[in-house]
Amino acid sequence: MSGLTFTLLAEPTQRLDLSPLTPQKLAGLSAGEIEKIELGGGGDQVKVGDCFKVEGSDPETIVFEGGSKRLDWIGTDMEAGSIRVTGDAGALLGRRMTGGSIVVKGSVGPYAGSQMQDGRVEIQGDAGDLAAGPMAGELRGMCGGTLIIRGRAGERLGDRMRRGLVAALGGCGDYPGSRMIAGTIVVAGEAGRMPGYLMRRGSILLDRPPQELSPTFIESGPWFSAFASLLERHLMQEGIVDYPFLGEGPMRYVGDNAVPGKGELVISSLKV
Amino acid sequence: MQNLTVNGVIIDDTFAEAFGMRATAIIITAPSRQWALEAARSMTGFATSVIGCGCEAGVDVELSPDETPDGRPGVRVLIFAVSTDELQKQLLNRVGQCVLTSPGSACYAGLEGTEPLKLGSAMRYFGDGWQISKRLGNRQFWRLPVMDGEFVCEATTGLTKKAVGGGNLLLLAHGGAEALAAAEAGVEAMRAVPGVIMPFPGGIVRSGSKVGSKYKSLVASTNDAYSPVLRAQVASELDPDINAVLEIVIDGETDEAVAAAMRAGLKAVIDLGPERGAQRVSAGNYGGKLGKFQYHLKDLLP
């Protein structure tokens, strides 16, 4: 069985809600039935067949050929299987997913990996603001799994994140790990201002000093722990970094004492 | 009973009788091989027999830095007990007193078992509120602040109910030196087998026991049939030219591991020959009525 491929016919005229197109929701449906699925998200009634050419049959492996910043909610509530997007994707990629994997070749909009519980999301381009964060009014962001952004992440990466691993390898905007509850954020590249703003617990690991360090973080000295190498090895195994990026005795800052929090901000001792 | 002779060593047509046990394993790492071994030696001390020690424990293998979770030298330790509860209690007491306390140590699961046993998830309270939980993939670790930095300890390790305790070889020799040489050769060969420990001092036990005693309060007492000094007074198993007997006891993660260790030990003893080592090899059993596992020596010959 070949994977199920949705080839975008043209740039959509409105935002599309692609949450019905996950391996679980498409299991057992014929191509004809899939083409009749309605995609909300904009003013007009749009069906899958209006926007995509549907080929293949195995919904465990879904491919979106061509991409667009208007393709929202890809992989929402996904439980298993894989989704690949050959171009860009819109907002809320992998929202609340509990398993499986998503790979996006291009860049994505805001709220990527929002409230994801488990599984793996890899974005080869950039991500918008609030990746791994909660939507408005929600009390927690990402709760598990792995979110990798190979490009640059926007502002407030990992806002209110509770568990899991987020990596932004092309830097990130201001306030990464804002209001973080727990979990791990790794940033390689230029990080914006005030990482860990109002964080309670959790770890933020940077490969270089951020643009501005919050005055409410206190220096706790160089960090020597077996956990540093455990973490570095995990990151290398996951293909996130390819060298032990923290170096010997990276500097550790704790905070945010404005909350007060018991989080940590670790800055690599290696020169970049 | 028809005995075989291999390379001049008499092999009794008998079997070792062993019991099902609960077991777990942990990996201890440290800044150097020496300190990994120190922690392991400490936590596996006084763990020769479940009768008086609560558990039987020992070092399974040493691990090179590229075989451990944190890239430091380490050892894998196996711990055996008769019940899950006792195993859990012994594990926490021993890791808490001997591994947590050892300089630079860290402690990880050494077994993926069917059920978890608490490790860091119980020891975390030592952190007094400053402990940090970290999850990497599907493994959870606790970081406890200690005076030389952080003690890193995986939350749980695995339990196996397929472990076997009490595999054994009895080595009968002309004198004490020969018996010891044979036992040392046997233990050395068995140490190369993965998944087993020989819990007695240096892997060797000289006070083998029988079930029961003339004293009501004792459940076991000296194995008089194999004691050369009682040859003239009891129904002895010893021929006139046997003056010393030593035993190797083996606990294994699996039935197969125990058999492999006994096979390796038997080969080493036979290779040593009757002049320098054992003249005769036997094994301890209870007539096949008590233990679930039987290891017949004739099936394990090289």
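Select Glu253(B) and Arg76(B) first: they form a salt bridge, with the closest N and O atoms 3.0 Å apart. The rule asks for a side-chain nitrogen of Lys or Arg within 4 Å of a carboxyl oxygen of Asp or Glu. The model is predicted: local features need pLDDT of at least 70, side-chain atom pairs count only at pLDDT 80 or more, and totals for chains, interfaces and linings use all residues. Residues are numbered from 1 along each chain as its sequence is written, and side-chain values use heavy atoms, without hydrogens and water.

Next, colour chain B by domain. Domain 1 covers 4–18 + 161–300 and domain 2 covers 22–160; the bounds come from an automatic or database domain assignment. Their centres, taken over C-alpha atoms, lie 30 Å apart.

Now show the interface between these domains. 16 residues of domain 1 are in contact with 17 of domain 2 (heavy atoms within 4.5 Å). The buried area is about 1300 Å², 60% of it from carbon and sulfur atoms. That is accessible area (1.4 Å probe) lost on putting the two parts together, summed over both. On the domain 1 side, pick Lys161(B), Ile197(B) and Glu253(B): they lose the most area to domain 2, together 49% of what that side buries.

How many salt bridges does the rule find across this interface? Two.

Finish with the make-up of the domain 1 side that touches domain 2. By class it has nine nonpolar, two polar and five charged residues. Here Ala, Val, Leu, Ile, Met, Phe, Trp, Tyr, Cys and Pro count as nonpolar, Asp, Glu, Lys and Arg as charged, and the others, Gly among them, as polar.

Methods. Chains are lettered from A and ligands numbered from 1 in the order in which they are written.
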